[in-house]
Amino acid sequence: MKQGIAIVTGASRGIGKEILTSLVQSGHKVIGTATTTNGAAAISEMIGREKSGYVLDLSDRESIVRLVQSIKQDHSEPISYLVNNAGITQDNLMLRMKPDQWMNVLNVNLTGTFHLTQLLLKDMLKARWGRIVNISSIVGSIGNPGQVNYAASKAGLEAMTRCLAAEVAARQITVNAVLPGYIQSDMSEQISEGHKEKVLEHIAMKRFGSPADVAHAVEFLLSDGAAYMTGQRIVVDGGMYML
Ligand code: NAP
């Protein structure tokens, strides 16, 4: 395992929190982000180390710049691992979708991820080593009514994954995507019980995934074992979408 800090965005809850915990357990020095100071403090407390939790709002470029500056001030190690996990939904049918709903989801899920990755990439290029994992969604591939904004953001994230992977592969920086299906978290709790039953019919394993199911795939992509994998997508959906 390479030395260096691992950053997990959106680590206060759900899938990000599980990724954070699993990386701490496997011996990484990890930093997690939340959108509030309370959330950031809770991350530091959970890890048991000061300056482990930071505030980040991916819709605000200033907040992204501040995050990177603060981490560099507070920690001497390079940032070697980046897990772009934070994401939001603001669902609506196409005809009813407000311009703000479109922009908010694209800004956080895609544009914010672009800014943060760009800011952290310079040091990885200098170090000639890095691991980037983007958390996408199967919805970016199979589509879902009411999620044109979300699906477009995730499909864009996967396209970005492939382009960046091709740009930086020669510097031993890998860039991959994990595509969760339906995972139990606050985000999937927004789905109605009726719709959940319909979704279950399409999941071969007949259960929703757990955040740990996703964290295992992320941990693998960050590990030495995945050194020769880049520009790839790992689907974690219990057999819902078979490529
Ligand atoms: P979640 O439980 O809703 O948690 C979202 C996380 O993102 C929280 O830590 C939240 O911070 C953070 N966040 C929200 N808005 C942000 C912003 N503007 N800037 C920075 N961080 C922000 O979501 P989840 O289910 O764990 O999903 C995690 C990732 O997996 C997302 O990218 C999602 O699209 C993807 N995914 C989830 C599922 C699923 O079924 N759950 C399926 C496919 C893909 P606060 O706690 O401070 O609000």
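This is a predicted model: local features need pLDDT of at least 70, side-chain atom pairs count only at pLDDT 80 or more; totals for chains, interfaces and linings use all residues.
Trainee: Which strands stand at the edges of the open sheet, each with a single partner strand?
Mentor: The open sheet holds 7 strands with parallel pairing, in the order β3-β2-β1-β4-β5-β6-β7. A strand with a single partner has one side left without a neighbour in the sheet, so the ends of that order are the edges, and these are β3 (53–55) and β7 (233–236).

Trainee: In β6, which residue is the bridge partner of Ile135?
Mentor: Strand β5 covers residues 130–135 and pairs in the parallel sense with strand β6, residues 173–180, over 6 bridges. Ile135 has its bridge partner in β6, and that partner is Val178.

Trainee: At about what angle to β6 does helix α9 run?
Mentor: Helix α9, which spans residues 211–222, lies across β4 (79–84), β5, β6 and β7. Relative to β6, the helix runs at about 165°.

Trainee: How much of the area that the ligand exposes when taken alone does the protein bury?
Mentor: There are 29 residues around the ligand, and among those that come nearest are Ser12, Tyr150 and Ser185. A polar side-chain atom of Ser185 lies 2.4 Å from an oxygen atom of the ligand, while for a polar side-chain atom of Lys154 the distance to a ligand oxygen atom is 2.9 Å. Taken alone the ligand exposes 900 Å², and the share of this that the protein buries is 91%.

Conventions: Residues are numbered from 1 along each chain as its sequence is written. Side-chain values use heavy atoms; hydrogens and water are left out. Two strands pair if DSSP finds at least two bridges between them. Helices (H or I, at least four residues) and strands (E, at least two) are DSSP runs, numbered from the N terminus. Contact means heavy atoms within 4.5 Å. Axes are lines fitted to C-alpha atoms, for helices over the stretch in contact, and angles run from 0 to 180 degrees between N-to-C directions. A residue is near a molecule or strand if one of its heavy atoms lies within 4 Å of it. A polar contact is a pair of N or O atoms within 3.5 Å; within protein, one must be able to donate a hydrogen and the other to accept it, and residues adjacent in sequence count only if both atoms are side-chain atoms. Accessible areas come from the Shrake-Rupley method with a 1.4 Å probe; for residues, only the protein chains shown count as cover.
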